[in-house]
Structures are given as C-alpha cells and as structure tokens.
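Dear colleague,

Please find below the structure that I am handing over to you.

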Amino acid sequence: MNKDVKRVTVHTLRRMKEAGEKISMLTAYDYSFATILDEAGIDVLLVGDSASNVMAGHETTLPITLDQMIYHASSVIRAIKRALIVVDLPFGTYQGNSKKALSSAIRIMKESGAHAVKLEGGQSVQESIKRILKAGVPVMGHLGLIPQSIYKFGTYVVRAKEKEEAEQLKKDAKLLESIGCFAIVLEKIPSELAAEVAASVKIPVIGIGAGSSVDGQVLVTHDLLGITKAFKPRFLRRYLDLYTDIKLAVQSYRDDVKGRNFPDESEQY
Ligand code: KIV
C-alpha cells in the first residue's frame, strides 16, 4: 500500500456526507481504466454488474457470473491506490439464501481483494445483508430501479413515481441504514423523493438519475465517455464522444497500414 495516499474508506464517505462534500463514483471493470479513474481522484469505483452489458454485450445484467465479477474486480484492485472498491453481487448469488449470499460475498472479498459489496433490494434481501454484515463485510444497498429485477418491472422507466412504491422505498432506505449498510445507491427515481431519502438517513446516498440533492453521483464510465452510443437516458451527461474518436483513430491506422504509411523509418529497427 502507498503510504503517501490516504485511502478512501466507508468511514471517509460518512465524513464526506457530514461535511457536505459530494462523493464521486464511477464504474470500472479493468486495470487500464481503473488506473486512470483512481489517478483522477474518483472516490469510489464500482465494479458493477453492468459489465454484463458494457464488457460482454449482454442485453441485461443477469447473465454475468460470480467468477466473471471476481475477474473484473481483481483487475480493478491491482490498479488502485486511493479509491474504495465496491463490487456488485451478481444476480442469483444472494437472493433468497443468506448463507449463499455470505459465501458469494466472501469469495469476492477473498479472491479479488475488494473493500465492499453492493446488492439490490431492501426488505426482501435483508437476511442476506445482515449475514454478510455480521461477517465484517461492508454492504452498499441499491434501491429504485434495480436492473437485476428487469423482468419483474418489464421496463427501465423511472421508479417510485406512485405513492405506494415511494413509501416502500423510503422504508427500505431506513431499513438498510438500520441494519448497517454503509451507503445506498438510488437509481432513476424522482429527485424530490431522492432528496427526502438522503435527508432522512445518516449514511451517504449516491444517485444515478436521482437528481442533485443526494450525497454523491455515480455513472457508468463508458456512458460518460461516449463509448456506448445507443444508451441515452436523460440523466446521462456525456463528457466525450470516444466512440467516434476511437473509430476515427482506428480508421487512420487501417489507412496507414493499407497505404504503406505505417511504420515509417523512425518506427522500425
Ligand atoms: O452495475 C452498475 O453499473 C450499477 C450502477 C448503475 C449503479 O449498479
């Protein structure tokens, strides 16, 4: 561990919330990107199960396996000096069986060296969360749009617009705090509701499509960089159009090879 760099821990995040300092979080799935994001000062890197979409090209997050998540997490862990690394428990590794949940979380922590796990849901997965926490593994919750339940919802539209679902979400957030989660992700819910939840709990609330009144923001890195093209939700701010830039660069390379312009004299031995 580099002694000059102060590592971000779950306690750092809590202090940031108390001090009113916003938390930055992005997804990372590999060593090269994680190196850049960590050096850029991102507080939390999430090895998200969105790797299923972004890295593997699946339509949903459901197919990614525990072994694959551990592979991605290990690559990220080797890169970082400062950020807190949170890893998603993939679909089917924690729901309905708290012993299985614990063994999945332990595999992630032991085999990748990650610092915490994240899982989706509130009341319905509380036994799993409690068992993981009891083993000393920090847990981040995830409420609102929970992509592992896409076939239950049927669509990726904004969640908790109706009173009943909003009330349940508020209860779930309080429950996650009371059983010991260190933070909660709120995905794609009305900003007013997100603000209310963030104000009602002491643990940090990180939003994605949840407005500006939460304690931090998370985005999928490939979306922010414009590497993914088709995904255009309203909450996404694209900082680059890397899809186009990379394509142009690669086309130039192809043209140079075909036109015998690469390599030139200075690029050979
Ligand atoms: O898997 C993921 O990328 C996520 C974020 C969208 C929060 O869970």
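A polar contact, as the term is used here, is a pair of N or O atoms within 3.5 Å. Please bear in mind throughout that this is a predicted model.

I begin with the ligand. The side chain of Ser50 has an N or O atom 2.5 Å from an oxygen atom of the ligand. For Asp49, a side-chain N or O atom and a ligand oxygen atom are 3.0 Å apart. In the case of Asp88, the distance from a side-chain N or O atom to an oxygen atom of the ligand is 3.1 Å. On its own the ligand has 260 Å² of accessible area, and the protein covers 95% of this. The residues around the ligand are Thr27, Leu46, Gly48, Asp49, Ser50, Asp88, Lys118, His142, Glu187, Ile208 and Val220.

Next comes the sheet. Strand S3 (residues 84-88) and strand S4 (residues 116-118) run parallel and are joined by 3 bridges. Two residues already named around the ligand, Asp88 and Lys118, meet again in this pairing: Lys118 in S4 is the bridge partner of Asp88.

The axes of helix H4 (residues 66-77) and helix H5 (residues 98-112) come within 9 Å and cross at roughly 35°. This crossing of H4 and H5 is right-handed. On the side of H4, the contact is made by Leu66, Asp67, Ile70, Ala73, Ser74 and Ile77. Helix H5 contributes Ser104, Arg107, Ile108, Glu111 and Ser112.

Finally, I note two points about the backbone. Phe262 and Pro263 are joined by a cis peptide bond, with omega at about -5°. Pro263 lies in the segment that follows helix H11 (242-258). Ala160, a residue other than glycine, has a positive phi near 60°.

With kind regards

Definitions and conventions:
Residues are numbered from 1 along each chain as its sequence is written. This is a predicted model: local features need pLDDT of at least 70, side-chain atom pairs count only at pLDDT 80 or more; totals for chains, interfaces and linings use all residues. Side-chain values use heavy atoms; hydrogens and water are left out. Two strands pair if DSSP finds at least two bridges between them. Helices (H or I, at least four residues) and strands (E, at least two) are DSSP runs, numbered from the N terminus. A residue is near a molecule or strand if one of its heavy atoms lies within 4 Å of it. A polar contact is a pair of N or O atoms within 3.5 Å; within protein, one must be able to donate a hydrogen and the other to accept it, and residues adjacent in sequence count only if both atoms are side-chain atoms. Accessible areas come from the Shrake-Rupley method with a 1.4 Å probe; for residues, only the protein chains shown count as cover. Axes are lines fitted to C-alpha atoms, for helices over the stretch in contact, and angles run from 0 to 180 degrees between N-to-C directions. A crossing is left-handed if the near helix is turned anticlockwise from the far one by less than a right angle, and right-handed if clockwise. Contact means heavy atoms within 4.5 Å.
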